[in-house]
There are 2 protein chains.
Amino acid sequence: MLARQQMIDTIRGVYENYGFVPLSTPAVEFLDVLSGSAGAEAQQSIFRVTNPEHEELGLRFDLTVPLARVIAQYSERELPRPFRRYQVAPVWRADKPDKGRYREFIQFDLDSVGVVSEIADTEIIAGMCDTLGALDVGGYLVRFSSRAVLNLLLAFAGISAEQGVDVFRVLDKLDKVGVEKVRRELMNGYVDESGDTIRGVGLTSEQVDRIEQFLAIKSESRREVLTSLRELFAHVENAPAQIDVIERISSNLYVLGYGDDRVSLDLSIARGLAYYTGPVFEAILTEAPQFGSVFGGGRYDDLVMRFLGQSIPAVGASIGVDRLLAALTQLGKIGKRKATARVLVARMDESLEQEYLAMTWELRRAGIPTELYLGTAKGVGKQLKYADQYDIPLALLYGGNEHAEGIVTVKDMVAGRERAKPVADRKEYLAQRAGQVTMPRAELVDGIRRMLAELE
Amino acid sequence: MLARQQMIDTIRGVYENYGFVPLSTPAVEFLDVLSGSAGAEAQQSIFRVTNPEHEELGLRFDLTVPLARVIAQYSERELPRPFRRYQVAPVWRADKPDKGRYREFIQFDLDSVGVVSEIADTEIIAGMCDTLGALDVGGYLVRFSSRAVLNLLLAFAGISAEQGVDVFRVLDKLDKVGVEKVRRELMNGYVDESGDTIRGVGLTSEQVDRIEQFLAIKSESRREVLTSLRELFAHVENAPAQIDVIERISSNLYVLGYGDDRVSLDLSIARGLAYYTGPVFEAILTEAPQFGSVFGGGRYDDLVMRFLGQSIPAVGASIGVDRLLAALTQLGKIGKRKATARVLVARMDESLEQEYLAMTWELRRAGIPTELYLGTAKGVGKQLKYADQYDIPLALLYGGNEHAEGIVTVKDMVAGRERAKPVADRKEYLAQRAGQVTMPRAELVDGIRRMLAELE
């Protein structure tokens with residue numbers, strides 16, 4: 001929770017800096033709102049909810065459908081456009097639970113609604129970069145392409161719009177099954193290892209050649225990809241205008257300092273969802289590519305249509321918070337802190353309770369998160385074990401001796417754990433060896449602050 | 001949302017400083033977990049949920065029951081005690097919706113589990129004070145008493161434990177119906193204005209006199225209340241030990257600087273919930289007492305018993321975030337910010353788009369939340385109206401003239417709204433009158449920062 005909260009706070013910081021505003025919607029929506037937008041698979045995964053009025057209700061399965069409902073519900077006078085919102089909230093899917101796949105999980109969505117300009121798309125991509133940078137994920141790459149460019153490919157290869165849907169579905173498997181199988185599935189199909197028949201889309205060899213020419217356009221330089229694309233589609237109608245759109249996105253990104261090392265134009269990106277209509281983007285962690293896309297989105301100009309009967313252009317992206325957290329944890333990029341407290345004040349002597357209270361509040365009022373041990377253990381050993389279990393880095397020990405001498409003993413739990421407990425030289429032990437230092441009672445706050453600074 | 005989020009962040013800050021750790025639990029719990037802990041009324045208010053396995057499930061109606069379930073589920077080895085957690089999350093109750101009474105609302109709970117020492121109770125009270133202070137609510141008063149002291153009252157007045165439950169229920173109405181009606185209900189009952197019969201508890205006149213002697217103990221000084229209480233209960237068995245407990249709480253609060261002006265010992269506090277076993281507390285806003293208790297809690301040593309068959313001492317409190325927000329909004333203590341952005345960059349001239357982008361990112365990278373206008377309006381008037389609708393305080397205007405002169409014009413939306421638009425002296429207008437200032441393009445960030453500082 002601490003790591004997740006830290007992640008969410010960081011992401012919120014980026015988007016509030018971008019001027020996105022938070023939106024909260026109820027967990028429960030009318031079932032027809034939810035199921036009308038869901039594919040067959042998603043429909044089955046909706047948790048049904050019963051209220052006293054016996055209306056048909058369900059728990060939201062994403063944050064985009066509630067957004068579209070809100071946009072349809074509030075007029076432009078009530079909710080001026082563009083409406084640029086972020087929402088971080090749990091969603092529920094009654095899928096089969098699996099590793100990293102929960103029935104309740106957190107999504108972080110951001111969307112700009114009522115935006116035509118491709119500057120909105122540029123901003124989403126830049127925001128993805130800034131978010132991943134702020135989260136300190138190490139290497140990342142935002143790959144983008146465009147549904148409009150894929151439609152040019154259909155024209156270029158002489159593929160109908162109906163066949164196109166199947167073509168994109170097959171191309172989406174490229175990473176998983178490889179070029180050869182994709183080629184065969186695009187043509188006449190094949191029988192796989194387990195004996196299952198994979199039906200073909202029915203393209204000709206020439207059509208598949210043209211698709212392969214398109215996919216062969218690869219470069220680390222967005223400028224080079226654009227040049228090759230213009231050459232390939234030189235005779236395709238509308239191609240210059242569509243390519244201009246992604247060129248402007250690319251060029252604006254260069255202006256803002258998002259170079260080829262962070263954003264690539266990757267024509268193999270299609271994104272699964274049917275509702276995208278323009279640019280699509282996804283981010284991968286270059287140090288943990290096995291986690292796949294941790295942050296993805298695109299332009300969906302027609303989604304609100306279903307509710308409003310009116311097209312409202314929109315573009316957005318979504319972070320799978322729990323998947324990204326799993327990746328960052330595996331990469332060691334995010335600490336698994338168990339405690340908020342930095343100091344545990346042990347209670348060693350009942351007659352000194354008011355002193356323990358006073359020290360605890362002194363530290364808290366100095367902004368140092370501090371816990372006063374409130375459990376039932378009397379012995380200092382058990383109290384130190386408690387600090388250890390919660391990874392509280394410092395323990396404050398103040399017994400009769402310290403009281404008499406006007407000092408406090410502070411135990412560095414990390415150092416104490418790493419070194420064997422010495423028995424020979426008590427003085428040295430107290431001084432440093434087991435991570436214990438003493439300081440005058442009056443210098444408590446400054447002393448603790450210094451020790452915490454050293455631990456960072 | 002912005003105001004609520006700011007509130008929640010402030011409260012979180014206080015409790016993380018106290019060393020409480022965040023807990024998250026699923027929205028959906030097994031129905032028997034929920035309904036076993038709910039009273040009859042609460043049971044009816046549970047939203048039922050259906051999963052593919054057709055198990056009996058429901059949405060949580062509070063955060064205490066999920067905490068008790070977690071404590072029962074994880075052993076002390078997995079979740080060392082004391083476990084001091086906070087949780088801020090929505091809860092659902094299928095009640096009749098009303099003003100300020102929603103079916104989904106946010107609760108902020110904090111609890112210490114596995115704590116015997118009354119220092120834990122002291123800490124909850126101190127935390128309530130620090131929270132209300134940090135939220136800058138103006139005047140507040142935390143009132144506390146103890147179920148144990150109320151039990152002494154039963155002994156003092158010769159009331160049985162069975163009758164006691166009814167007595168506390170009637171006393172809880174004191175604020176609402178007044179002394180005379182409470183007196184009559186405690187004895188033989190009465191017929192109210194609408195002709196309904198209010199059944200009496202059946203106490204004797206002498207018993208009610210003794211209750212009134214107890215309730216007559218009132219003072220702004222906790223010390224005085226304790227002295228009077230000791231006198232009144234001088235001959236009641238166990239009284240000294242029980243009064244010692246609240247005296248230690250009071251005395252520790254004095255040591256920590258929580259004086260009589262912030263925490264009062266108020267013997268009329270009973271708290272409705274049946275599961276409290278020791279100290280109980282609630283906070284009111286002295287400037288808005290009509291909102292009642294905005295933050296309340298108590299010690300409940302037996303609640304976990306139901307799950308674990310073993311008593312685990314615990315103490316906690318809960319803030320009704322939405323009710324407190326309503327109170328703070330009415331008191332004008334919390335701003336209704338509509339935007340996160342502090343600056344709107346208007347798009348006035350297509351040929352300058354890359355300049356707008358560059359300025360937007362310059363400001364963002366300097367930590368100034370900035371929005372680039374992404375809507376469809378071309379005219380600057382409509383773009384300024386948009387800034388006005390979202391209460392964005394500054395608008396950055398940069399057209400052909402500014403570009404030629406190497407300056408930017410910044411419009412102070414608040415000043416611009418307050419003053420009539422002047423027409424006579426264009427120079428002065430540009431300089432100050434309508435809240436417009438110009439500054440060299442190169443000094444944009446510093447200039448904006450200065451203007452925002454003046455607005456605070």
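Leaving aside its neighbours within four places in sequence, Phe214(A) is in contact with Leu153(A), Leu232(A) and Leu267(A), where contact means that the C-beta atoms of two residues, placed from the backbone, lie within 7 Å. The structure is a predicted model, in which local features need pLDDT of at least 70 and side-chain atom pairs count only at pLDDT 80 or more, while totals for chains, interfaces and linings use all residues. Residues are numbered from 1 along each chain as its sequence is written, and chains are lettered from A and ligands numbered from 1 in the order in which they are written.

Phe214(A) belongs to helix 10 (residues 205–215) of chain A; helices (H or I, at least four residues) and strands (E, at least two) are DSSP runs, numbered from the N terminus. Phe214(A) counts as buried because 21 other C-beta atoms lie within 10 Å, the cut-offs being 20 or more other C-beta atoms within 10 Å for buried, 12 or fewer for exposed, and partly exposed in between, with C-beta atoms placed from the backbone. From Phe214(A) to Ala366(A) there are 152 residues in sequence and 62 Å in space, C-alpha to C-alpha.

## Two domains

Chain A is assigned a domain 1 (2–330) and a domain 2 (343–455), with bounds that come from an automatic or database domain assignment. The C-alpha centres of these two domains of chain A are 51 Å apart.

## How the two chains meet

In the contact between the chains, 56 residues of chain A meet 56 residues of chain B. Helix 15 (residues 353–365) of chain A gives the most to the side of chain A that touches chain B, namely 6 residues. That side of chain A is made up of 32 nonpolar, 17 polar and 7 charged residues, where Ala, Val, Leu, Ile, Met, Phe, Trp, Tyr, Cys and Pro count as nonpolar, Asp, Glu, Lys and Arg as charged, and the others, Gly among them, as polar.

Strand 3 (residues 48–50) of chain A also pairs with strand 3 (residues 48–50) of chain B, in the antiparallel sense and over 3 bridges; two strands pair if DSSP finds at least two bridges between them. Within this pairing, Arg48(A) has Thr50(B) as its bridge partner.

## The relation between the copies

Chain A is superposed on chain B, with an RMSD of 0.1 Å, by a rotation of 180° with 0.0 Å of shift along its axis, using least squares on the C-alpha atoms of residues with pLDDT of at least 70 in both. The two copies are therefore related as by a two-fold rotation axis. In chain A, the C-alpha nearest the axis belongs to Val49(A), at 2.3 Å from it. The same surface serves both copies, since 100% of the contact residues of chain A recur in chain B.

The 13 residues of helix 15 (residues 353–365) of chain B should span 18 Å at 1.5 Å a residue, and its end C-alpha atoms are 18 Å apart, which agrees; the expected span is 1.5 Å times one less than the number of residues. Among the buried residues of helix 15 of chain B are Tyr356(B), Trp361(B) and Arg364(B).

In chain B, 8 strands form an open sheet of mixed pairing, in the order 1-5-6-13-12-11-7-10. Strand 1 (21–22) and strand 10 (263–265) of chain B are its edge strands, each pairing on one side only. Strand 7 (residues 140–146) of chain B pairs with strand 10 of chain B in the parallel sense over 3 bridges.
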